[in-house]
Amino acid sequence: MDDQWMSDSVGFDRETGSEWMRYVRVFGTFARNSLVRDMTFRANFVIECLSSIGWTLMNVGFYLIIFQFTGSIGADTGWDRERFFLFLATTWFINSIVQAFFMPNAEEFSELIRTGGLDFALLKPIDTQFLISFRRVSWSSLANFLAGLVIAGVALSRLATREVDPHIPTAMSVVLYVLFCMCGVVIMYSLMICLSATSIWLGRNQTLYNFWFYITNFSRYPMEIYNRGWGTPMYGFFTFVVPVLVVVNVPARLLAKPIDPRTNEEWMLVGWALIATVLSVTFSRWVFRRALGSYRSASS
Amino acid sequence: MATATSSFDDPNPDSHHVAAATWGGRVRVWKKIFTTALSERLVYRGDFALGTLMRFLPIVTQIFLWWAIYDSIAASQAAEKMVESAVGGSELDPSTDAVQIGGFGFRDMVAYYLITMLARAFSSMPGLASGIALQIREGEIKRYLIQPIDLLSFLLINRIAHKVAYYAIAIAPFGLVFYLCRDYFVGGFPPPHLFIAFLGSLVMGFLIGFFLEAAIGMIGFWFLEVSSLLFLYMLFSFFLSGHMFPISLLPDSIEWFVNLLPLKYLAYFPAAVFLGKIPDEDLPMEMAIEAAWLTFFIVVCRWSYSRGVARYSGYGG
């Protein structure tokens with residue numbers, strides 16, 4: 001346990017900084033320390049970046065192959081090649097943020113429980129959920145964010161300059177896009193907190209990553225494709241109960257399709273994304289507290 | 001070590017070592033390794049079965065993705081027909097498999113993913129190459145230079161035992177999923193000769209996977225760290241073995257090259273055999289090429305092991 005960072009960062013003057021600033025500064029320290037740690041093993045860092053870029057290239061290759069055969073994903077859905085690549089870039093943005101900021105912490109959380117390290121986290125004069133969610137930043141995962149920027153840039157410029165049905169997003173849709181991307185990150189974060197809190201009850205949750213992967217797998221495609229046949233119950237479940245389908249779909253739709261001719265149904269989905277964000281944060285906070293309540297120290 | 005304990009019961013330990021060199025002795029050693037590895041694996045069977053079932057979940061997403069893709073191809077083809085004939089073409093239903101890409105209709109595509117799951121379960125060797133490299137780095141490999149056990153046979157028997165244990169447990173979830181998805185297999189159960197070829201390609205796929213990864217692990221004799229190399233291999237193998245999509249979907253300019261690589265035997269080839277995508281007249285030749293690749297990797301593996309041992313200087317305690 002490297003506990004040294006704690007003594008540096010938490011023992012600052014409490015009377016000057018507001019409560020909010022205090023958390024920002026603590027987070028800054030966490031991020032800096034993670035960067036130092038990542039840079040200590042530089043070759044490893046480079047390999048991790050390259051590996052995530054390789055994964056991106058493979059995905060892009062896969063979809064390029066698919067679009068050799070078809071004009072769009074799903075009939076009448078409007079997800080043609082450029083628009084779908086905007087969708088893909090959105091997935092990449094949200095996933096890279098989640099992987100950079102929350103994934104390493106969620107993995108460490110179950111280890112903290114098993115080893116009794118959570119006792120120390122509980123003693124710190126700072127919110128426990130904040131502490132265990134933001135301790136580490138995996139900087140190499142942000143390579144995917146850059147990859148997403150490249151994909152989005154290419155897709156946007158092709159979308160704007162093409163002959164048939166060109167589309168330039170308005171300033172309004174860009175603002176909404178960023179806002180709902182953040183909502184998506186928050187929903188994913190809440191889901192991850194709920195999943196990792198279960199390791200307090202289970203003792204250890206090693207399949208966390210697998211489970212996470214399988215659930216978020218559903219969010220990676222336009223939601224229309226599930227709304228048919230035996231997919232409809234699944235579509236409803238992942239929209240309203242575990243709202244992973246709105247995570248990428250809402251922002252990607254706001255950016256990739258013109259805002260003006262919109263059906264009421266679409267606006268309702270946007271509204272639901274906001275409500276779902278608030279609900280999932282509240283719910284995850286509640287689950288986390290409940291979990292802490294039943295925590296029994298493993299050490300001593 | 002299984003052999004070490006059994007030599008205590010032996011009144012004459014020397015004769016035991018002699019026996020190990022004969023075939024009867026070898027088989028006894030192999031049997032012991034096998035049963036030990038098998039019981040080792042069966043300890044976590046509940047977790048195992050659940051994990052196997054969960055592994056099918058991503059296929060659900062794939063089904064819907066391909067469903068949507070085939071649908072939009074069918075819709076655009078129907079629209080073209082409308083323009084051509086101006087009498088109104090009937091709506092093409094993707095489930096009739098009128099739409100084909102790369103020789104695969106929609107239901108074929110789903111069946112393909114299911115069988116590649118099976119093929120990958122045979123041919124994937126988690127931790128083999130990195131395990132060998134670790135043993136070299138930590139000096140553990142000298143155990144095999146002292147004891148009368150051959151490293152490669154030991155690892156191979158271990159893997160066979162693990163696969164047997166895997167299938168003993170995984171047959172229930174696999175059976176369930178294949179039963180639920182039986183309608184996707186358009187051609188029904190393949191004729192006997194195809195099924196035998198399929199089984200053969202699975203077994204050879206397993207062996208190719210084993211010797212290919214073991215050969216990568218042998219690189220550890222020359223470079224102490226193989227993880228980045230291994231990663232590169234995994235990336236290519238995921239994309240080019242057919243795990244992500246059938247190789248016949250690739251553009252022709254790339255497809256012929258990928259067909260020359262041995263990677264397709266890890267996932268694409270067994271599935272293509274099962275679904276009857278390999279023409280009957282080409283099948284013997286393809287099987288022969290697979291066997292040739294297998295021989296090639298056995299030779300490479302053996303050769304690099306003996307070369308590696310020759311230059312090995314035994315670090316570690």
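Predicted model: local features only at pLDDT ≥ 70, side-chain atom pairs only at ≥ 80, totals over all residues.
Why is helix H4 of chain A largely enclosed by the rest of the structure? Of the 21 residues of H4(A), 18 are buried, so the helix is largely enclosed. Buried here means under 20% relative accessible area, with exposed over 50% and partly exposed in between, using a 1.4 Å probe and protein chains only.

Residues are numbered from 1 along each chain as its sequence is written, chains are lettered from A and ligands numbered from 1 in the order in which they are written, and side-chain values use heavy atoms, with hydrogens and water left out.

H4(A) covers residues 81–101 and reaches 30 Å from its first C-alpha to its last, close to the 30 Å expected at 1.5 Å a residue. That expected span is 1.5 Å times one less than the number of residues.

Let us remain in chain A for one residue. A:Arg253 lies in helix H12, residues 245–256, and counts as buried because its relative accessibility is 9%. Leaving aside residues up to four places away in sequence, A:Arg253 touches A:Trp79, A:Met223, A:Glu224, A:Arg262 and A:Glu266; contact means heavy atoms within 4.5 Å.

I now turn to chain B. It has 14 helices and zero strands; these are DSSP runs, helices being H or I with at least four residues and strands E with at least two, numbered from the N terminus. Of its 317 residues, 48% count as buried.

How are H6(B) and H9(B) packed? Their axes are 11 Å apart, at an angle of about 175 degrees. That makes the two helices roughly antiparallel, the term for angles over 145 degrees, whereas under 35 is roughly parallel, 65 to 115 roughly perpendicular and the rest oblique. Among the residues that meet are B:Leu114 and B:Phe122 of H6(B), and B:Lys163 and B:Phe178 of H9(B). The residues of this contact divide into eleven nonpolar, no polar and one charged.

Finally, helix H11 of chain B, residues 227–240, has end C-alpha atoms 20 Å apart, which agrees with the 20 Å that its 14 residues should span. Its buried residues include B:Leu230, B:Tyr233 and B:Phe239. They pack against H3 of chain A together with H6, H7, H10 and H12 of chain B. After H11(B) comes B:Gly242, with a positive phi near 95 degrees.

Notes: Axes fitted to C-alpha atoms, helices over the stretch in contact; angles between N-to-C directions. Nonpolar A, V, L, I, M, F, W, Y, C, P; charged D, E, K, R; others polar.
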